[in-house]
Amino acid sequence: MKNYIASPLFTPIAVLILWPLLMSLIFVFCHDSLNEVIKEGHFIEQLTYFCYFLLFAAFILFHKPFMKNRSSRIDFAIFVFFGFAALLREMGIQHMLTSHDTTAFKSRFFLNPNNPWSEKIAAGLILLVFLAAVIFVAVKYGRHLINSFFKMNPTTWSIATLCTLGIFCKFIDRFPSNYRRYYGEPLPRALQDTFEIVEETSEVFLPVAAVLILWQYWILQREK
């Protein structure tokens, strides 16, 4: 079992099996109630929150390899911060931070004169802290991640899976509105529901992929 988990293909294959399986189950058993499934507070959102609970449990269970020195402890703190940031984003912090606009963290929010300066400063500070953490990790590990990817490093491949999934989530989320902008008409209702199911279920697997990374890294470090 450990050999399978330590494989660079473990996380990509696990996600590629479990994600379509979840979508298939939803389409088969909830075909007549897709709108209910994707509503706020219903099945998919509850499942996503449960997966974030598993993620924070994994931070506790698999924290030991990150406690070796000050540098790794800082990295661990940043990873936990990313987990909280993702959870807050899922909970809609981008909507909570603005009283007049639809969402914060976009250029139109900061350029809109109707938005109070207090909201812009709060959103800007959060955005700066997040970007600083991303830049820190990118500078520290960017070269290593690129080199180790081609060396079939298991953790690197798992991280690549998580990043690819995140990019795909964003693409699927923006596709219906971009389609309407370019073609002047919305996607057919059935197709909109399909895109929303794909997007919402992909977000379920962001914390799942992170759990798999932590579990895999913990096993690899134990074997050293």
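**Overall layout**

Guide: From the N terminus on, the elements run α-α-α-α-α-α-α-α-α-α. This is a predicted model, where local features need pLDDT of at least 70, side-chain atom pairs count only at pLDDT 80 or more, and totals for chains, interfaces and linings use all residues. Residues are numbered from 1 along each chain as its sequence is written, and side-chain values use heavy atoms, with hydrogens and water left out.

Visitor: How many helices and strands does the chain have?
Guide: The chain has 10 helices and zero strands. Both are DSSP runs, numbered from the N terminus: helices are H or I with at least four residues, strands are E with at least two.

Visitor: What does the C-alpha trace span?
Guide: About 55 × 50 × 30 Å along its principal axes.

Visitor: And what share of the residues is buried?
Guide: Of the 224 residues, 38% count as buried. Buried means under 20% relative accessible area, exposed over 50%, partly exposed in between (1.4 Å probe, protein chains only).

Visitor: What is the mean pLDDT of the chain?
Guide: The mean is 87, and 94% of the residues reach 70 or more. pLDDT is the predictor's confidence in each residue, from 0 to 100.

Visitor: Which elements have the lowest and highest mean pLDDT?
Guide: Helix 3 has the lowest, at 69, and helix 4 (residues 43-61) the highest, at 93. Where pLDDT is low, the predicted coordinates should not be read in detail.

Visitor: Which residues does helix 3 cover?
Guide: Helix 3 runs over residues 34-37, and Val-37 lies in it.

Visitor: Is Val-37 buried or exposed?
Guide: Val-37 is buried, with a relative accessible area of 7%.

Visitor: What is Val-37 in contact with?
Guide: Leaving aside neighbours within four places in sequence, Val-37 touches Ile-26, Cys-30, His-42, Phe-43 and Ile-44. Contact means heavy atoms within 4.5 Å.

Visitor: New topic. How do helix 8 and helix 9 pack?
Guide: Helix 8 (residues 117-150) and helix 9 (residues 154-183) pack at an angle of about 110°, with axes 8 Å apart. So helix 8 is roughly perpendicular to helix 9. Angles of 65 to 115 degrees count as roughly perpendicular, under 35 as roughly parallel, over 145 as roughly antiparallel and the rest as oblique. Axes are lines fitted to C-alpha atoms, for helices over the stretch in contact, and angles run from 0 to 180 degrees between N-to-C directions.

Visitor: Which residues make the contact?
Guide: Leu-145, Ser-148 and Phe-149 of helix 8 meet Thr-156, Trp-157, Ile-159 and Ala-160 of helix 9.
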